[in-house]
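Biologist: I am new to this protein and would like a close look at its aromatic rings. Please begin with the setting and then take me to the rings.

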Amino acid sequence: MQKILVLNSGSSSMKFQLLAMPSEKVIASGMVDRIGQEDALIKLKGESGQLTEKGDFKNHQIALNKVAQWLTEGVLNSPEEIAAIGHRVVHGGSHFKEPTLIRGAVKSKIKELFGLAPLHNPANLEGIEVAEKVFPTAIQVAVFDTAFHQSIPEKAYRYAIQKKMADEEGIRLYGFHGTSHQYVSRQATDHLKNPAAKMVILHLGNGCSATAVYNGQSVDHSLGFGPLSGLVMGSRSGDIDPSVLLYLLKKGYSEKELSDLLNRQSGMLGLTGESDLREIIRKNEAGDQECKLALELNTYRIKKYIGAYAAALNGLDALVFTAGIGENSALIRELVCREMEFLGIAIDPSKNEKGEIEIQADESKVKVLVIPTNEELEIARQTYQLI
């Protein structure tokens, strides 16, 4: 048995799971939220008990030191028991296609990619550097969100701009949520008992994405150069005509204002003033017309991607819902699958409300699946396989 620690470091948060491999037993898990703020909150859960407390975690190192202290006091005899640490790294560019042992050159390359993922890669690198100090004997492994999408063919990842500029600046579709899509595609393939299945996987959470999968490989994906395009998200716009941005630039909006608009003030938040889907659904049920329109707009965009990817795949065996909204919102699933009979998609209302693994109606030609994602387990598996 080897103990693998999985770290997911965000700009102001840090999630972790400690797993025993290869049994995949979760020994402990938790998160530190609002790092850098006075009201930071830590929640930890393990075999020896739970801990929830507020504290002044000024940076990631203080947060991880607290996690390490808690682990060694009740879960581990010493930090040396951890064989390896698997780090989620959001952007690997076109350089990283598989899990990678972290060396100096790897950290330098992650740093070079800061410009492509300014909200994520700096925090990911900080998590790596902190973990190296706190767990000096553990093997450090990077698992990249973009890696699963390296199988996307050039006809799908190229943008129709000058090739010289695209190559020099690294402008192409990279894709994100890859760890989630990879895990879910494997689970769906096993369930369907069809390794060549044609699937559209919908990762619906605060961030949202759709992936076309064939033979267990990503062949197209809705997020592109950065995590902004495609589906409507909690506070991100999804697809928008570039002319809108050129127009706003001419009107005097700054680069920062446009970035904040698209990343933090758009999506469901921009449409309704709310980013929490539960509140939007509650207001919709109370008759709020803006929330009703937002739900229709959101699910209409998803339908368009399902249709596009069914065409790209030349068929569809399964439609798969995952992540927080995809797994838990029967209403979103119902709205997405409504009036999709021409594609052979129909769901059973009772099965959908229960959130069963298969929610398609008897007459549906396409399997409709609800499969919980588990990015931490996927990272642990890839880390264990590498070491």
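What percentage of the 387 residues in the protein do buried residues make up?

Modeller: Buried residues make up 51% of the 387, where buried means under 20% relative accessible area, exposed means over 50%, and partly exposed is in between (1.4 Å probe, protein chains only). Please keep in mind that this is a predicted model, in which local features need pLDDT of at least 70 and side-chain atom pairs count only at pLDDT 80 or more, while totals for chains, interfaces and linings use all residues. Residues are numbered from 1 along each chain as its sequence is written, and side-chain values use heavy atoms, leaving out hydrogens and water.

Along the principal axes, the C-alpha atoms fill a box of roughly 60 × 55 × 45 Å. Of the contacts between residues at least 6 apart in sequence, 61% join residues at least 24 apart, a contact being heavy atoms within 4.5 Å.

Now to the rings. Searching the whole structure turns up three aromatic pairs. Rings of Phe, Tyr and Trp (its six-membered ring) pair if their centres lie within 6.5 Å; planes under 30 degrees apart count as stacked, over 60 as edge-to-face and the rest as tilted. One of the pairs joins Tyr174 and Phe225, and it is tilted, with 6.1 Å from centre to centre and 40 degrees between the planes. This pair links distant parts of the chain, 51 residues apart: Tyr174 is in the loop between helix H5 (163–169) and helix H6 (178–192), and Phe225 is in the loop between strand S11 (217–221) and helix H7 (242–250).

Another pair is made by Tyr305 and Tyr309. Their ring centres are 5.7 Å apart and their planes stand at 75 degrees, so this pair is edge-to-face. Here both partners lie in helix H11 (residues 289–313), four residues apart, which is about one turn of the helix. Tyr305 is buried, with a relative accessible area of 15%, and Tyr309 is buried too, with 4%.

The charged end of Arg172 sits over the ring of Tyr157, 3.7 Å from the ring centre. Lys198 lies over the face of Tyr214, with 5.8 Å to the ring centre. For this, NZ of Lys or CZ of Arg must be within 6 Å of the ring centre and within 35 degrees of the ring normal.

Notes
Helices (H or I, at least four residues) and strands (E, at least two) are DSSP runs, numbered from the N terminus.
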